[in-house]
Each structure stands twice: as C-alpha cells, then as structure tokens.
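Subject: Structure handover and notes

Dear colleague,

I am passing on the structure that we spoke about, and my notes on it follow below. Please keep the sequence and the structure open while you read.

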Amino acid sequence: MNKLKSKDLLGIKNLSLEEINLIFETADKFKEVLSRPIKKVPSLRHLTIANVFFENSTRTKLSFELAQKRLSADVVNFSSSVSSVKKGESLLDTINNILVMKVDMIVMRHPNPGAPHFISKNIDASVINAGDGTHEHPTQALLDSYTIREKTGKVKGKRIAIIGDITHSRVALSNIYSLQKLGAEVMLCGPSTLIPKHIKNLNVKVENDIKKALEWCDVANVLRIQLERQKNKFFPSLREYSLYYGINKRLLDSINRNITIMHPGPINRGVEISSDVADSKNSIILDQVENGVAIRMAVMYLLSLNKNR
Amino acid sequence: MTNKSRLFNKKRLDITINRLCHQLIEKHKNFENTVLIGLQPRGIYFLNRIEKNLNRILGKKIDSGILDTTFYRDDFRSKEIPKAKETLIPFLVDEKEVVIIDDVLFTGRTVRSAMEGIMNFGRPKKVELLVLVDRKYSRDIPVEPTYCGIKINTITSDRIEVNLVEQGFKEDNIWISNE
C-alpha cells in the first residue's frame, strides 16, 4: 500500500491498520526532513490549503500550519470569530466561498460532531478533521500512537490508560480506535459522570479508581477537564476532581511501576496533572507536540497523492 | 517478443567500477573535501560498491550519505506512486565537493530533484554526477554525467534492468530490453 484509500481524513474509525502504518512510515521520513538545516520539501508547492477553525486552537492550528509550510503549500487561515459566520453565513456557503478561490485541501475544526463529514460529501477538495466537537480528532490520536511507538518501541501489547474527561473528549475516541487497531489494550479512567454509558461496547476496560488504573497501565494519557463543553455539573469542584483524579508525584511514587505520561494539551497544571509530573523525565508531552508536525506532514502528503494536477 | 541483451556481467561491472573509482581519485585525490551521495533505491548499491573500492585503495573511510528524492520529484502524482525511502546525510555539504551516484541516467529528472534535495543540506562547492549507464539522447533536462560507466543509444521504450546480488539475484547482470 502506497497511498490512503480516501481523499479525506475524517476519523480513525475508518482507517485500516495498513493505512496507519503507512502514515507512521511516512512520518518517519518527515522527521528526518525536520532535522535538516533547511526543514522544507517542495512536495505540496502546487496546493493551497485552508485552515478553517470554528473553535479555538493553539497546538493543532500551529502544527498544521507549520506542516503545510514545511511542505511548501500555500496556506490561508480562517477563524470563525472574525468571519462572516458571525453575520449568519451557513457552513456550506462559507466553505464553498473558500473553495471557489481554488483551495485544494481544507483542515477543519468545528464544535459540531460530523461537520467535516458533511463538508466532505459536498465538496471535491480533501478534508482533514482537526477535531469535530466531542467526536474525533484523528491527527492527535495518530501522533499519540506514533509517540508511544517511538518512545516505547511498539504499541502492540501495551496497556494504555486514558484518564479524565472521556465524555467530552474527541481525543479519547480517536485514541481508542487507533490504539486498538495497533494492538494495545485500552482502559478508561475517571469519575463515572465523565465516562459515557455505552463506551464498554468499544471493548475497553473502565475503572473509576485512578490508583488501580495507574497500577495496570504502561502509559497514562491524561486528558483535560473540558469546562467549556460542560453545561451541567459533572463533579462538585475542580479541587475535588484534582484530589481524586489529579496525577501527582506522590501518587506515582506510591505505585511500583514506571509509567510514561502523555497529555494532548493544553495542560491545566494542578488540576488533572501536577507540574512535577508534567515536567518529569517520564513525561513525553513535548515529544507529542514535536511529532505532531511530522504526522500532519505525512497525512497531507499522502492525501495529496490522491489529487491529480 | 522481448529483445534482451547484456550490458554488464559481474566481471565487466567490477572492472567498470574500479575504473570509475580511479577516475574519482584522479580528480578528488584523497577525498578530504569530497562526499559521496547515493540516490535511492539502486544508486545505493553502487555507492556501497564504489565506497568499498575507494576505502580499499585509499586506506581510509570516505564520507557518504543516501538521499531519497521522492519529496522533491515533479512527477510523483502522475506516475506510479513511490513510497518515500530513507534519507541519511549525517553531515553538512557546505563548501564540499559532492558526487551524486546513481545507476541509470535517463531523463535527468531524478538528478534535478536530487540536486534540490542536496541543497537542503547546505551549499556545496561543486556537484558532480556519476552514473553507471547513460542513456544518450533521452534527456528532458540538460543534465550530463561527470563520470559514466557506459554510454548507450536507446529509444524511450527500451528498459534497463539492473539485477544485482544485493537485490537477491544470483549474479550481477545489467540488461537492456525492448518488448
């Protein structure tokens, strides 16, 4: 297999193991490119890519934009907060207006699950989902699995605990799909109010006791409490959440295991993770960010192979 | 029907590689400021053979690297899609004399993309090209080899088949064929 089956990357659910491995192999090559004095290749110089963000983002947007520039693509950025969306323009109209200006690929983040799927059915340009509501965030899951593979040798057979706000997390769902396809065991841990009721159908373990989860896992992927998505109270206070589910050095020291710590960012230091853990030698949080550029270069490069000039 | 004739057998290949090594030494003396860069995939086999020969003759190790040109190609969407391969150039080429090594020179497009790739590792003082087979009169781009094993006249439908023991073949053979 030398290219991806679809013109779009909307989620991990429909990616095959071969496709994930192809993305990883290609990312390996781009990591080498990123270590050169001139960190740029001309592969996408004929493409224009629009980053269409209807939600806030620091890492993902920056990472995509850097990846696009490293691939020599022309880049336009769109942010809903300063656009005509505020004047009532529909999603499809906005996208079509961007496309008639000859844009070849769209990287989209949207608060509504399924928004990139809707767009991809209506346009010819490639669509990359950069996070749709609480649904999927495929490039984050790919870079997470890629970083586990890089730092621990392989993903197969590893035990990964995803800890925190699972209900509101798109990272969790994409990670479950990606890790399971690569042969890892997945456990979800958090207060039962933050774990979706039917998630066990995805063949994952569920644990409410963080100590037990940490004793079980090789890698802990700690998620942020997404207060911006919580209309109801899911736990009494951040302080209480931190007391029961916050990961700190004392808790890790009480466990007789060497656990790799991950976090997709942004970190709420002192809430879900303490500074002494986030900055410890077991933390691969900044490796995740670094690998994000190579993974996104690989995804855009491979999707571009499906486009004829 | 396929017409097939042999350009190189093992003996002739060994003699040619030895001759190319001496041509390189004539120009680059002790290789103090010269690096060799083989192009993926088959240029690497010739790089290894040339390097081994030069190491033996000069009694020292010469800096070498390998380059995959996939990301620099201008035709990677219009042809059979290549899978990117490894690039390993563990040095800067600033002010170095670079010898690009490949098996066959045909349209010149691979060499063009290789030159673009090499410039990402610095500004070389000089770039030369060594190929085993030069297919004359078939260039799309004005690229000519500095060192060449054999020059042959071909038509577009001709194919050069490089079969080396490194690729799993029983013995070294390089063929020219036409269907």
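In helix 5 of chain A, the buried residues are Pro138(A), Thr139(A), Gln140(A), Ala141(A), Leu142(A), Leu143(A), Asp144(A), Ser145(A), Tyr146(A), Thr147(A), Ile148(A) and Glu150(A). Please bear in mind that this is a predicted model. Helix 5 of chain A is mostly covered, since 12 of its 15 residues are buried, and what covers these buried residues includes helix 1 (17-33), strand 4 (126-132), helix 6 (170-181), strand 8 (219-222), strand 9 (260-262) and helix 11 (285-304) of chain A.

At 1.5 Å a residue, the 15 residues of helix 5 (residues 138-152) of chain A should span 21 Å, and the end C-alpha atoms are 21 Å apart, which agrees. Just after helix 5 of chain A comes Gly153(A), which takes a positive phi of about 100 degrees.

**How the helices pack**

Two packed helices are described by the angle between their axes and by the distance between those axes. For helix 1 and helix 5 of chain A, the angle is about 65 degrees and the axes are 11 Å apart. Because angles of 65 to 115 degrees count as roughly perpendicular, helix 1 of chain A is described as roughly perpendicular to helix 5 of chain A. The crossing of helix 1 of chain A past helix 5 of chain A is right-handed, and the contact is made by Ile20(A), Ile23(A), Phe24(A) and Ala27(A) on the side of helix 1, together with Leu142(A), Tyr146(A) and Arg149(A) on the side of helix 5. The residues of this contact divide into 6 nonpolar, no polar and 1 charged.

Helix 5 of chain A also packs against helix 11 of chain A, where the axes come within 8 Å and cross at roughly 115 degrees, and this crossing too is right-handed. Here Thr139(A), Leu142(A), Leu143(A), Asp144(A), Tyr146(A), Thr147(A), Glu150(A) and Lys151(A) of helix 5 meet Asp287(A), Gln288(A), Asn291(A), Gly292(A), Ile295(A), Arg296(A) and Val299(A) of helix 11. The residues of this contact divide into 5 nonpolar, 5 polar and 5 charged.

Helix 11 of chain A has another partner in helix 2 (residues 59-70) of chain A, and the axes of these two helices come within 8 Å and cross at roughly 55 degrees, which makes helix 2 oblique to helix 11. Helix 2 of chain A passes helix 11 of chain A in a right-handed crossing. The residues that meet include Phe64(A), Leu66(A) and Ala67(A) from helix 2 and Val289(A), Val293(A) and Met297(A) from helix 11, and the residues of the contact divide into 7 nonpolar, 3 polar and 3 charged.

Leaving aside neighbours within four places in sequence, Asn248(A) is in contact with Ser274(A), Asp276(A) and Val277(A).

Lastly, the contact between the chains takes 16 residues from chain A and 12 residues from chain B. On the side of chain A that touches chain B, the residues divide into 6 nonpolar, 4 polar and 6 charged.

With best wishes

How values were computed
Residues are numbered from 1 along each chain as its sequence is written. Chains are lettered from A and ligands numbered from 1 in the order in which they are written. This is a predicted model: local features need pLDDT of at least 70, side-chain atom pairs count only at pLDDT 80 or more; totals for chains, interfaces and linings use all residues. Helices (H or I, at least four residues) and strands (E, at least two) are DSSP runs, numbered from the N terminus. The expected span of a helix is 1.5 Å times one less than its number of residues. A residue is buried if 20 or more other C-beta atoms lie within 10 Å of its own, exposed if 12 or fewer, and partly exposed in between; C-beta atoms are placed from the backbone. Two residues are in contact if their C-beta atoms, placed from the backbone, lie within 7 Å. Ala, Val, Leu, Ile, Met, Phe, Trp, Tyr, Cys and Pro count as nonpolar, Asp, Glu, Lys and Arg as charged, and the others, Gly among them, as polar. Axes are lines fitted to C-alpha atoms, for helices over the stretch in contact, and angles run from 0 to 180 degrees between N-to-C directions. Angles under 35 degrees count as roughly parallel, over 145 as roughly antiparallel, 65 to 115 as roughly perpendicular and the rest as oblique. A crossing is left-handed if the near helix is turned anticlockwise from the far one by less than a right angle, and right-handed if clockwise.
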